[in-house]
Amino acid sequence: MLADLRATLRSRYGTGDERELDATRRRAGRTVVPVWFHAISDGARGRVPRSAARAQIATLNRAYGGRLGGADTRVAFRLAGYRTWSRRAWFRDPVRHEHRMKRALRKGGSETLNLYTAAVGKAVLGFSTFPQWYRADPVGDGVVIDYRTLPGGAFKRFGRGFTAVHEIGHWLGLFHTFENGCLPPGDGVADTPYEARPAGGCPRSRDTCPKPGGDPVRNFMNYAWDRCMREFTVGQGLRVRVSWAAYRAPAHRVPHAADGDGEARSVGGAR
C-alpha cells in the first residue's frame, strides 16, 4: 500500500516525495471533509440524535486540529448530511450486511466521508476502508462505528468519540502504530516509534522495541482507552494530506489499484 501511494503520487504529481508535494500544496489551506452521518437503529436502540452527530464532528475537529495535545493535521470536518434509518438486520450485524447497507445509503464521491453507526460490538468497535481501495470499490468506501462510542456514549472506556477518530485515521491513510511490530517499515511514518503490540488500558509509558523512542501509547492510532488518547504526530498529518492528494482529492484519475480488498478492522479488546 505504501508503494502504491508513492506510485500514485508520481503518476499524478510527478513526484513520490511526500514532503516536496506537501510543500507545494500547503497554500491551498485546510482540507475540509464533508461527512454524511447515517444512524442505523432497530427502531429502539441506536437512535442517535443529530446533536450526537454534531458532537462527534466537533470531537473530530479537536483531534485532527491538534487541540487535544498533538499535531494539527490541517484536516477539518463538516456535517454535510444526517439521516436515521430503522433496519434491524443492519443494526444488529453491520459486518454481515455492510455492502447492502452501503449500496443503499452511501452519498458523494471519493472526498465524502460516509460514517455509519450501528451495534458493531465490544470486541470490534469499528472498521474502515483505506483510500487505496476506493477505485476498486467506491460503494464500499466509508467508516462504521458502534453508536455507543460516540461522545457521551454508553461504553465506559470508549465513550469519548475517539473510535471514530481512530477509524477515520484509516480512511485517511494511516495504519496502526503497532503495524509490523518491531520490523520495518512499521506503520511507515517516521515520527511514530516502532511498537511490538497494541497498547491496552492506559499505560504511562512503554518501550517494546529496541529501536529508539518509547511506544506511542497516547496516539489515536493505538488501542488505549479513550481518556488516554490525545495525539497525531506531524508525520501522520503529512501522510494524511498526501494520501488525500493521491486518492481523495476530487476530479482525479487513480492509475494504480492497491493490492488486497476488504476493510481495515480494528480488532482486539480496544478498537
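Start by selecting Pro185, in the loop between helix H6 (162–171) and H7; helices here are DSSP runs of H or I with at least four residues, strands are E runs of at least two, and both are numbered from the N terminus. The bond joining Pro184 and Pro185 is a cis peptide, with omega about 5°. This is a predicted model, where local features need pLDDT of at least 70, side-chain atom pairs count only at pLDDT 80 or more, and totals for chains, interfaces and linings use all residues. Residues are numbered from 1 along each chain as its sequence is written, and side-chain values use heavy atoms, leaving out hydrogens and water.

Next, pick Arg74 in the loop between H3 and S2. Arg74 is not a glycine, yet its phi is positive, about 65°. Most residues other than glycine have a negative phi, and most peptide bonds are trans.

Now show S1 (residues 31–41) and S2 (residues 75–86): the two strands run parallel, joined by 11 bridges (strands pair if DSSP finds at least two bridges between them). Look for Ser41, which sits opposite Ser86 in S2.

Last stop: H1 (residues 2–13) and H7 (residues 234–248), which pack at about 60° with axes 9 Å apart. Axes are lines fitted to C-alpha atoms, for helices over the stretch in contact, and angles run from 0 to 180 degrees between N-to-C directions. H1 is therefore oblique to H7 (under 35 degrees is roughly parallel, over 145 roughly antiparallel, 65 to 115 roughly perpendicular, the rest oblique). Select the contact residues, including Leu5 and Leu9 of H1 and Val242 and Ala246 of H7; contact means heavy atoms within 4.5 Å.
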